[in-house]
Amino acid sequence: MQSKLEQLKSEALLALKSVKDKAQLEELENKFFGRKNGELTNIMKGLKDLADDARKVVGQVANDVKIEIENALQSKKKELSQADWQANLEKERLDTTQPVLPKNERGHFHPNTIVQNDLEELFTSMGFMTLDGSELESDYYNFSALNIPETHPARDMQDTFYVKGHGVDSNVPWVMRTQTSAMQVRAMQKYGAPVRAIVPGKCFRNEATDVRHEHTFYQLEGFVVGENITFAHLKGVLETVAKHLYGEETQVRLRPKYYPFVEPGVNGEVTCFLCKGEGCRVCKNTGWLEIFGAGMIHPNVLKEGNIDSTKNQGFAFGFGLTRLVMLKYGIEDIRHLESGDLKFLKQF
Ligand code: DAH
């Protein structure tokens, strides 16, 4: 029995040497120590049939063999898990030189949003609040409240999408707002005077589209109402915006222009940021870029907003936000902006 034990030991140690993975190790462990039919287990079980003396001697040897095999098994186990760990480490290694994979590509803002956010920040710093307004607007706020009555020819300046039968009173015509100015009277009615707000947002016109015209575009309206508000305040705000957009040396030129909701009304231009007023392709050789309309709010409009025009005055301005975006990025065709074309959008 003793020699059987010795043989078992050398067999076990030899077999252990060629074990390559955990499964093989488990198999081997089972072969010797398995509860039911393990070779060493069987010998241990047989000890009880030996005579006392022999049991003592053989028992001792059996125990030594058992311990030796167990130790060898343990160190093999350790060796294997170490190798496993190393293999995992190799697999999980972080290669900091590897370029970012496309699936991790991050989104980004649309150019409209970039310019809008920039201006919102500037106006917030001057104490303006930002209002949203709705894109579907009543004919009243979009036109009539702004001193453009139903029969007024100024309505022809804007090709409007009319929406039939909308809202509580389906007899009242509704429109896709043609201008963010539509929020002027809503804001006056809600906040009263003094009020200082900007309204960036989408506008719609029934345009025959081309490189300069699109049915959907963005404006940024602004207005201030309060006591002792003058044209000088308007000019100061517009100059601040122009310098913020195009640099300190930028000049503003205001020329009379008719808008029904302001009196006097002006058309606002800034010196061309590219040629600095010399004349170039961007400004069509005029040296000036037309980027906004503005003026002192007409008393009829203040009246619609429940503002006492004997005590308060106000100014208003409207930037073509889409135009600012096109100028900033040198976009030659307005239709790119609403196209959803990734080849275009990925450039920003
Ligand atoms: N809403 C005008 C437009 O769409 C732009 C405008 C002009 C806004 C003069 C104003 C303003 O507030 O005073 O053409």
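The model is predicted.

Q: Which residues come nearest to the ligand?
A: There are 16 residues around the ligand. They divide into six nonpolar, eight polar and two charged. Those that come nearest are Gln179, Ser181, Arg205, Gln219 and Glu221.

Q: How far is the side chain of Gln219 from an oxygen atom of the ligand?
A: A polar side-chain atom of Ser181 lies 2.9 Å from a nitrogen atom of the ligand. Ala316 has a backbone N or O atom 3.2 Å from a ligand oxygen atom. For Gln219, an N or O atom in the side chain is at a distance from a ligand oxygen atom of 2.8 Å.

Q: What share of the area that the ligand exposes when taken alone does the protein bury?
A: Taken alone, the ligand exposes 350 Å². β6, β9 (288-297) and β10 (313-320) each give two or more residues to the shell around the ligand. The share of the ligand's area buried by the protein is 90%.

Q: Which element gives the largest share of the lining of the second largest pocket?
A: This pocket has a volume of about 160 Å³, and its lining residues divide into nine nonpolar, two polar and one charged. At least two lining residues come from each of β5 (195-204), β6 (216-226) and α8 (231-246). The largest share, three residues, comes from β6.

Q: What distance separates the centres of domain 1 and domain 2?
A: The domain assignment gives domain 1 as 2-92 and domain 2 as 111-345. Taken over C-alpha atoms, their centres are separated by 87 Å.

Methods: Residues numbered from 1 in each chain as written. Predicted model: local features only at pLDDT ≥ 70, side-chain atom pairs only at ≥ 80, totals over all residues. Heavy atoms only, no water. 1 Å grid on protein atoms, 1.4 Å probe; cavity = no way out; pocket = protein on both sides within 12 Å on 5 of 7 lines; lining within 4 Å. Points joined across faces, edges and corners; volume = space filled by probe spheres on them. Helix = DSSP H or I, 4+ residues; strand = E, 2+ residues; numbered from the N terminus. Nonpolar A, V, L, I, M, F, W, Y, C, P; charged D, E, K, R; others polar. Domains from an automatic or database assignment. Near = heavy atom within 4 Å. Polar contact = N/O pair within 3.5 Å; in protein donor to acceptor, adjacent residues only side chain to side chain. Areas by Shrake-Rupley, 256 points an atom, 1.4 Å probe, with all protein chains shown as cover.
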